[in-house]
Amino acid sequence: MTNTDSLTDFVILLVDDREENLISLEEMLAQNNRVFIKALSGNEALKIVLRNPQIGLIMLDVQMPEMDGFEVARILKSNPKTRDISIIFVTALNKEQQYVLKGYGEGAVDYLQKPLDIRVTQAKVSVFEKLYRYQNQLKNTADALRRTNKQLENFVYIVAHDLKSPLNGIISMLSLLEMQYEDGSLSKEEFREYMDMSQKATYHLSNMITEILDYSRKSLAEQTVEEVNVQEMVEQIFKLLFPPRTIKTNIQGQMPTFFTRKLKLQQVFQNLISNAIKYNDKAEGLVEVGCHEMPNAYEFYVRDNGPGITQEGQDSLFELFGVNDTPSQTGDVKTGVGLNILKVLVEEQGGKFRLESTPGVGSTFYFDWYK
């Protein structure tokens, strides 16, 4: 255990039909970081438990009118929301085996015999408090592991997508070189241009892999915040993705330079630009990137003149595995897996992700990125 000042409260429900017994029990068990709730009947105790799911222990008198402790315990243990709460029966009944077994059968974890021995009572409650806190620590650790695993799944998906796009571009460029070489239509100048583009893309891909590996070894607190020239970043992404000659790429105005986590911002831009190129259906396609500066953030956007998305498609697009039936130039159907993850990345930075789209006209994806 760490410093008790940093502990959360341990809530104990005291149940007895006599007020003086409740007061005596609270005085006996009072400590820092303990909170007591008192009930004078079984029915009252049940109502309190349902309103206070954070209760860690119930000290339950057995002999009460209308509803005895055994019945209260049986009801609590039958409810999935309350069945894991520890119960100590406090009883003046003799400790004959039949009563003890009945109590354990109804869900009690321990017995205390009246009149209570102060030291034994305090010691037993302290043990249950420690067990409760250890269980909470384990639950919190398990929740943290689930969140980490989910983040890892998202990270792996985006990394695969980020690497696949430039690789496809390089493969397409090399295939074009081969075709033009075989039919004799390739000039020396074109050959040098294509080779230069492929070489730069390969170097950029190598640097991206290095950055991803470095990023994957670090926790969020360790991830580098660095000065990022967004203008230069977007220009590199345009080149890296090898847009076909039928698609014009453009940066509206001057993009900012500011300090942020570079890889995450790059992932959002690259995926949005890649989709805008991949799904464009116009003879003269256009992909534009721009920015509006706000007091504490930048609102970036990626706009295209592609097929657009219906309202029904927009409603499902950001759902995990939501499907938009707009096919890409290769016949693929767009799923919402990538966009769902991009939305999470943006929201991690405190921003919002939104879409404006008109079928047949195009789409604009907006996202905030705090300075």
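Colleague: Across which strands does helix α2 lie?

Modeller: This is a predicted model, in which local features need pLDDT of at least 70, side-chain atom pairs count only at pLDDT 80 or more, and totals for chains, interfaces and linings use all residues. Residues are numbered from 1 along each chain as its sequence is written, and side-chain values use heavy atoms, with hydrogens and water left out. Helix α2 covers residues 42-51 and runs at about 140° to β2, where angles run from 0 to 180 degrees between N-to-C directions and axes are lines fitted to C-alpha atoms, for helices over the stretch in contact. The strands across which α2 lies are β1, β2 and β3.

Colleague: Which strands stand at the edges of the sheet, each with a single partner strand?

Modeller: Five strands form an open sheet with parallel pairing, in the order β2-β1-β3-β4-β5; pairing requires at least two DSSP bridges between two strands. Helices (H or I, at least four residues) and strands (E, at least two) are DSSP runs, numbered from the N terminus. One side of each edge strand is left without a neighbour in the sheet, so the strands asked for are β2 (34-39) and β5 (110-113).

Colleague: At what angle do the axes of helices α7 and α8 cross?

Modeller: Helix α7 spans residues 230-240, helix α8 spans residues 262-278, and their axes come within 10 Å, crossing at roughly 45°. That makes α7 oblique to α8, given that angles under 35 degrees count as roughly parallel, over 145 as roughly antiparallel, 65 to 115 as roughly perpendicular and the rest as oblique.

Colleague: Is T260 buried or exposed?

Modeller: T260 lies in strand β8 (residues 257-260). Not counting residues up to four places away in sequence, T260 touches T224, V225, E226, V228, L265 and W369, contact meaning heavy atoms within 4.5 Å. Buried means under 20% relative accessible area, exposed over 50% and partly exposed in between (1.4 Å probe, protein chains only). At 5% relative accessibility, T260 therefore counts as buried.
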